[in-house]
Amino acid sequence: MGAAISESITIPSAPQSYHRMFPLHGLGLSHVGEFIEAYGGRQAFEGWSSEDVCVKIVKPLTERLQCSYVDLLRAIKHPACREGKKADVFVSHAWKCNFLVVVDSLLHHFADRLDTIVVWFDVFTINQHTWKEWWSLESINEGIKDIGNTVMVLTSWQDPVPFTRAWCLFELYCTDNKEGCNFEMVMGMKEREDFVATIHAGDERKVVNSVLAKIDVAKSEAGKEDKEKIHQKVMESVGFSQLNSMVLTLMRSWVIEVARKEYDRRKNTLGDRHIETLTSMSKLGELYQLQGRHKEAELLFKDCLEIQRAVLGERHPDTLTSMNKLASLYEEQGRYDEAEPLYKDCLEIRKAMLGNWHPDTMPSMNKLISLYKKQGKHAEADLLYKDFLEIQKASPGDKHLDKTLSRKESNRQERIDLFIKISVIVVISIVLYLLVRLGISLSTSLGSGTQRKSHSKGSVLFCSPSGLCVLESNE
């Protein structure tokens, strides 16, 4: 694969049944880079999807021999395709995804096994000329089962295209439905870094839920005929709801795995007391808590709090945040007596360090009030609630807010008054226009308080300099 394959090559004839079977052989992943270089380098592939690579390179190259690209390599005994070697991993990806992103994601994920891993990559493995003779849901199901490992390339994590493609979701179903089959999700290095940074920078609950909310097998797309077959198969087996649940479970596990690997990486490179390691530890604990895995979350929260107390001190904001997280975890499990001292310590320190009116102090009071109510300690809850109200009344922020609201109300009233004045002028103008249309002729005199006679008998129109006119009877 270091150079383009000669068009004069011939391959041994194979039994006709060979072209009607699901191919289990694959391609050495380390040689995919050679394929890219042989056909123009990365620049030539820029912006191409997997479908583009198939249509522009693989199909024309294999047209004469009516075989797969892997068959060509096998014929010349290329080391990328060892005879009799079954693929180690089935690669699931959306054909409209960027080919280089898919390849880079696989290279990054399998970096430690690059010289040995053999992948079932449809662009290369499938005979693109005869696949319709054997392609079926049953053959794919059995093929994935025989390979035993499936890797889904997730691009991008903000809007995962594979979750919108019926074939990708069916491949996931085939993997999860077979005992002993393994499933992984992979992404490129930049994608992973962006995902990790987003989780660490914000609310991981919102980040994860925004991705999970996009999963809906019933809305997945494919060619009309394929889509109908896949959806029918799903409905006859597990149903859309169950398959959605399977995908969600796998996605949650993948999120944990990404966060766990990032924590391990920081721990090994920065040490377990580095602030970035502690941040990663805390976020991993929150993800465990989000999934109801309380034991794992508690262990991480306690370790994090212990290290922060030793390194940062009891009164450091990060230490107080960890104290609050551990208390919240205890409260969630109904372990109120363990949560109470943590909430109380956190509140007292924040009062002393930040003051009663600080944005972090008030929520701490609320949390303790809520806990007292759950414990049935109504007297303590009422007493603390009174303090809370007194602080609110005396809060400088509230006074400032009142002034701001007064100014806004004053401006609003001025706009209303202006609107009324304009409306009155418009209405008067309309009345005047109608009077003229009815044949009332007005005097041209504009003097103040001047009486203007109209041609209509018994009618007098009085106009003031401001433009206000009144029609009165002269009889």
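Colleague: What makes up the contact between H16 and H17?
Modeller: On the H16 side there are Tyr336, Asp337, Ala339, Glu340, Tyr343, Lys344, Cys346, Leu347, Arg350, Lys351 and Leu354. They meet Thr361, Ser364, Met365, Lys367, Leu368, Leu371, Tyr372, Lys374 and Gln375 in H17. Contact here means heavy atoms within 4.5 Å. By class, that contact has 10 nonpolar, three polar and seven charged residues. For the classes, Ala, Val, Leu, Ile, Met, Phe, Trp, Tyr, Cys and Pro count as nonpolar, Asp, Glu, Lys and Arg as charged, and the others, Gly among them, as polar.

Colleague: Before we go on, what am I looking at, and how is it numbered?
Modeller: It's a predicted model, where local features need pLDDT of at least 70 and side-chain atom pairs count only at pLDDT 80 or more, while totals for chains, interfaces and linings use all residues. Residues are numbered from 1 along each chain as its sequence is written, and side-chain values use heavy atoms, with hydrogens and water left out. Helices (H or I, at least four residues) and strands (E, at least two) are DSSP runs, numbered from the N terminus.

Colleague: Why is H16 called roughly antiparallel to H17?
Modeller: H16 (residues 336–354) and H17 (residues 361–375) pack at about 155 degrees, with axes 9 Å apart. The axes are lines fitted to C-alpha atoms, for helices over the stretch in contact, and angles run from 0 to 180 degrees between N-to-C directions. Under 35 degrees counts as roughly parallel, over 145 as roughly antiparallel, 65 to 115 as roughly perpendicular and the rest as oblique. The angle therefore makes H16 roughly antiparallel to H17.

Colleague: And what makes H8 and H12 roughly perpendicular?
Modeller: The axes of H8 (residues 166–176) and H12 (residues 240–270) come within 10 Å and cross at roughly 80 degrees, so H8 is roughly perpendicular to H12. Leu169, Leu172, Tyr173 and Asp176 of H8 touch Leu243, Met246, Val247 and Leu250 of H12. That contact has seven nonpolar, no polar and one charged residues.

Colleague: How do you know that E1 and E5 are edge strands?
Modeller: Two strands pair if DSSP finds at least two bridges between them. The open five-stranded sheet has the order E1-E3-E2-E4-E5, with mixed pairing, and E1 (27–28) and E5 (182–186) each pair on one side only. E4 (residues 149–153) runs parallel to E5, joined by five bridges; Val153 has Val186 as its bridge partner there. Three bridges join E2 to E4, also parallel, and Val91 is partnered with Val151 in E4.

Colleague: What makes E4 mostly covered?
Modeller: Four of its five residues are buried. Buried means under 20% relative accessible area, exposed over 50%, partly exposed in between (1.4 Å probe, protein chains only).

Colleague: Why is Lys77 called exposed, while Gln66 is partly exposed?
Modeller: Lys77 has 73% relative accessibility, so it counts as exposed. Gln66 has 33%, so it is partly exposed. Gln66 is in the loop between H3 (50–62) and H4 (69–75), and Lys77 lies in the loop between H4 and E2 (89–92). Neither is a glycine, yet phi is positive at about 50 degrees for Gln66 and about 55 degrees for Lys77.

Colleague: And which label does Ser370 get?
Modeller: Ser370 sits in H17 and has a relative accessible area of 31%, so it is partly exposed.
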